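Me: I have a model open and would like a close look at a single part of it. Could you walk me through that part and then connect it to what surrounds it?

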Amino acid sequence: ALIADMGIPSVKFYPLNNRLDELIAMVKAAVEAGITIFEPTGGITIENMAETVRICIENGAREVIPHIYTPFVDKATGLTRIEDVQAVKATLAEWL
């Protein structure tokens, strides 16, 4: 409630690292305090991205901003692997 009183519009949850029970609790607490923008980060992978977004939405978040970094970057080139981004986009589209 304190951060809502301060006018902070979102909560960043770091590191996620597949701590889904804690994610659910944090989203519910944020929403209860009037903060409906949630930003999970740290440990988000191609495999758990859609589930992470789904959990946030199902627990009251209206906007979810997953921060994705290294799982989508080719270590040899330093470039984003477009095929991985497309795969996640397709998975999210199926769910949404």
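Me: Leaving aside its neighbours within four places in sequence, which residues is Thr41 in contact with?

Reply: Happy to take you through it. This is a predicted model, in which local features need pLDDT of at least 70 and side-chain atom pairs count only at pLDDT 80 or more, while totals for chains, interfaces and linings use all residues. Residues are numbered from 1 along each chain as its sequence is written, and side-chain values use heavy atoms, with hydrogens and water left out.

Beyond its neighbours within four places in sequence, Thr41 is in contact with Lys12, Phe13, Tyr14, Pro15, Leu16, His67 and Tyr69; contact here means heavy atoms within 4.5 Å. Thr41 sits in the loop between β2 and α3. Helices (H or I, at least four residues) and strands (E, at least two) are DSSP runs, numbered from the N terminus. With a relative accessibility of 2%, Thr41 counts as buried. For these labels, buried means under 20% relative accessible area, exposed over 50%, and partly exposed in between, using a 1.4 Å probe and protein chains only.

Now to the strand β2, residues 37–40. Both of its faces are covered: Ile37 and Glu39 are buried on one side, Phe38 and Pro40 on the other. Three strands make up an open, parallel sheet in the order β1-β2-β3, where two strands pair if DSSP finds at least two bridges between them. The edges are β1 and β3 (63–64), each pairing on one side only. β1 and β2 are joined in the parallel sense by four bridges, and Ser10 stands opposite Ile37 in β2. β2 and β3 pair, also in the parallel sense, over two bridges; Phe38 has Val64 of β3 as its bridge partner.

Leu16 is one of the contacts of Thr41. Val27, setting aside its neighbours within four places in sequence, is in contact with Phe38, Cys56, Asn59, Gly60 and Ala61.

Finally, a word on confidence, given by pLDDT, the predictor's confidence in each residue from 0 to 100. The chain averages 88, and 98% of the residues score at least 70. Confidence is highest in β3, at a mean of 94, and lowest in helix α1 (residues 2–5), at 72. Where pLDDT is low, the predicted coordinates should not be read in detail.
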